[in-house]
Amino acid sequence: MNTNAFALRHIGPRENDQQLMLETIGIDSLDQLIYETIPDDIRLKNNLDLDEPMTEHEYLLHIHELSKKNKAYKTYIGLGYHPTILPAVIQRNILENPGWYTAYTPYQAEIAQGRLEALLNFQTMVIELTGMEIANASLLDESTAAAEAMSLLFAVRSRDQKKAGINKFFVSEDVLPQTLSLLQTRALPIGIELVIGKESEFDFSQEFFGALLQYPGKHGQVTDIKSFIEKANSNNIKVAVAADILSLVKLEAPGKFGADVVVGTTQRFGIPMGYGGPHAAYFATKEAYKRDIPGRIIGVTKDVDDNRALRMALQTREQHIKRDKATSNICTAQVLLAVMASMYAVYHGPKGLKFIANSVHSKTVALEKALNDLGYEQENTSYFDTLLIKAKAKTIKKIATKKKVNFYYPDKETVTISINETTSIRDLNYIVSVFAEAADKKTIKINDIKERNNIDNNLQRNSSFLTSEVFNTYHSETELMRYIKFLERKDLALNQSMISLGSCTMKLNAASEMLPLSFFKWANIHPFVPAKQAKGYLTVLKELEDQLTEITGFAATSLQPNSGAQGEFAGLMVIKAYHESRGDHHRNICLIPSSAHGTNPASAVMAGMKVVVTKSTEKGNIDVDDLREKAELHKDNLSCLMVTYPSTHGVYESAIKEITKIIHDNGGQVYMDGANMNAQVGLTNPGQIGADVCHLNLHKTFAIPHGGGGPGVGPICVAKQLVPFLPGNPVVKTGGKKAISAISGAPFGSSLVCLISYGYIKMLGAEGLTESTKIAILNANYIKKRLEGSFDTLYSGERGRAAHEMIVDCRPFKANGIEVSDIAKRLMDYGFHAPTVSFPVAGTLMIEPTESESKAELDRFCDAMISIKNEIDSVSKDEPNNVLKNAPHTLEMITANEWDLPYTREKAAFPLNYVKNNKFWPSVRRVDDAFGDRNLVCSCTPIEDYIEA
Ligand SMILES: Cc1ncc(COP(=O)(O)O)c(C=O)c1O
């Protein structure tokens, strides 16, 4: 046996453990278990056609070699992506630290205070730099954030505007091309008409409800957004501004001019370009629109002891509740990147940021002067970091490419140059030498940079920013390292214990998959460089597309969507384009089973579809008769069905082929939500069950870490008839022949983290992938068996087996006064993160162990659950002062001089022996959600300001 095989590192249970687990389940072999679990008619007959697996060592050599095919030229392309300096202390302690990158979205606030605080810092940073009242904890990229701004402004139109059907949205032609493309994708389905034009020629007519400006514009001009916003506001037109965050250090905050929404990317705050992402976008707006903000907002509240505590605020606005009433489908965002960007601001502080922004600006001014001296004209009258030079683009491009320099060439007569924080005087002189050669002149030398200014007086920043203590304290490496550690220790991540969140697939994110993210030639490639400079990336991305196409049994893949929910939207838009190409413009009914994840109906509505919900049977399966009836009823207008497989109830429904046939027979397409793909890989696939398109969550099934709530990648894989419509990009050709417009800003979405999934598949190979699926099913069935007698599993397959996850019923415990949330909080005292609470069935826990957890860890978890069940049996409704209701217990509580609870301290904090060896302390007691929602505070504010007297 090759003990270095990656499969042995990725998969938890050892061979002898697997045998013991099968014995517990009462079955002879793994193959028999799979046979009893997955319906025979959907099983694959052949093995996946993938390369032989590499060991970790071989893979690291391979990926290093491939990186050399990327050419990391000096790049001044701009357009929303810039070279940056990621402080090593942040790289090592966050990006490369599983304590940060393996955490999940902070649903369990008591064991997530660290990342919640980092995200509150992010929001504070955004609020202060934009001058707005409220900000969220990141979105997917600048372009999607701009589209969300448009949707929000549409949703908050005045009653009169709604009544009059006002639907025009003005977009400045200075907006980034990728943003414009994305606005086009998002506007039409929800009935918005885009009008693109020059800001200076806009007539502010009453027909418009909103406008989007770019600040500075795509070619660097800083326009007078102040007077535009004033005029717009007085004409009842709301304004969104897409602003470069670094420029805001020098430019007055758009909020000071009355902007309604400000969006942008925080990539410039130390995040590598990574050939397009992942980067955290920001979204800031007015307090008045807080209920319509997309994504998550972190808010301040208190715990039961009145200590300050943080949690995700206003959760009621999540798609789970709003479903088809939601105006956005953001679930996974870009938390890890938001944390990194916030730490960049913490590390540099206001003084450091001013130094960086001044230096970038002054270097740009010095460059302008040198180019002027060479006889070139620069057209931007006011700018931050970008020059617009009149020059023969072809000539400059030839020389620049020879000298390994990238500029942007908007047309034949123009070159733009965007300066960044990595640009040195030497680099400036090198740029000048390119232009000198083109002009056939002797070059001019810039010797030093004096602080200079070329920003209009009325747009220069006067307001202060980053005044809170956190941005003025941690400026030495030791201090920042300890601050990061201080926060990390408050969070329970995979490096502490299993996180069995159902539907989330918290498997191993192997170090060897993660390491290449830090390699220079993967990190530092701009997404719009010529293909010749990105051969390494193009090789990996093409191969990953092919691997995913093979795994799903489809014809092609697009990696562009940067979350599962964006994948849903992309897939539905592709279906829509397909129907339209056949003249079926009216096909707009989307059938969705009642058990679907909330993003499904939200995505369908965003794609302009009408949602019709189909029923589930008592056993949790799709009610086939109801589905047939509805499909037939709507057959003339049926667009598609969205179905999750195996179902969100953790079952491989045996009627799936019949279901997909019903949809096809009635003219619809089948969209499969691939969140549960971990239960399919190598054994069955969406092509086999009769689907036409699926999204995958690479941040679940294919090992991208969840990062505390992102990054994610949600590629779509499609059948032959849908290939022509795969999404494109306006700058770099991607997608199908009749590509729909962009779904994400970058041509291949979050390319940098695609390396992780590529490595995962390369190292596991066909056999390791299939084995992983089998063990995921084994682990789930082992837990199911061990919990029998303590917890009832709600749904099972026809032969009584669970899929890769199961739902356990906690509703009967209400008789003892115990809610499912009490169990979730009590699990923290045992050192575990709760499984998914109340999805898809209220009052239940959905447990998904994944293949990476060993038998020993599964046993600890089961012991904890059984022990909790015994505790439930010993409490009564009439005595709520008990160990479950008081959970979680903090160190402060346990070590206090006073202890008047009716159970021992040992029972509270060390309920089982294993806990003594590896105690994890929640940093706050139970968090009061309602208090925080009544007193919404979403930035760093002193405690006294919000605790009621
Ligand atoms: C079944 C299902 N569909 C869709 C999604 C949305 O995926 P994402 O969070 O990547 O947007 C999830 C996320 O948890 C899910 O569980």
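Me: Where do aspartate 625 and arginine 628 lie?
Reply: Both are in helix H22 (residues 624-633), three residues apart, about one turn of the helix. Helices (H or I, at least four residues) and strands (E, at least two) are DSSP runs, numbered from the N terminus.

Me: What kind of model and numbering is this?
Reply: The model is predicted: local features need pLDDT of at least 70, side-chain atom pairs count only at pLDDT 80 or more, and totals for chains, interfaces and linings use all residues. Residues are numbered from 1 along each chain as its sequence is written, and side-chain values use heavy atoms, with hydrogens and water left out.

Me: Aspartate 625, buried or exposed?
Reply: Exposed, at 55% relative accessibility. Arginine 628 is partly exposed at 26%. Cut-offs for relative accessible area: buried is under 20%, exposed over 50%, partly exposed in between (1.4 Å probe, protein chains only).

Me: How many salt bridges does the structure hold?
Reply: 44. One of them joins glutamate 851 and lysine 507 at 2.9 Å, N to O. That pair links distant parts of the chain, 344 residues apart. Glutamate 851 is in the loop between strand E25 (844-847) and helix H27 (855-873). Lysine 507 is in the loop between helix H16 (477-488) and helix H17 (511-514).

Me: Which residues form a salt-bridge network?
Reply: Arg786, Lys855, Asp859 and Asp863. Within that, aspartate 859 and arginine 786 meet at 3.0 Å, N to O. Aspartate 859 is in helix H27 and arginine 786 in helix H25 (residues 751-787), 73 residues apart. Aspartate 859 is buried at 15%, while arginine 786 is partly exposed at 22%.

Me: New topic. What does UniProt place at Lys700?
Reply: "Modified residue: N6-(pyridoxal phosphate)lysine", from an unreviewed entry. UniProt positions follow the numbering used here, feature names are shortened, and annotations may be inferred rather than shown by experiment.

Me: Where does lysine 700 lie?
Reply: In the loop between strand E21 (693-696) and strand E22 (716-718). Lysine 700 is buried, with a relative accessible area of 10%.

Me: What is lysine 700 in contact with?
Reply: Leaving aside neighbours within four places in sequence, Ser503, Cys504, Thr505, Lys507 and Ala675. Contact means heavy atoms within 4.5 Å.

Technical notes. A salt bridge is a side-chain nitrogen of Lys or Arg within 4 Å of a carboxyl oxygen of Asp or Glu.
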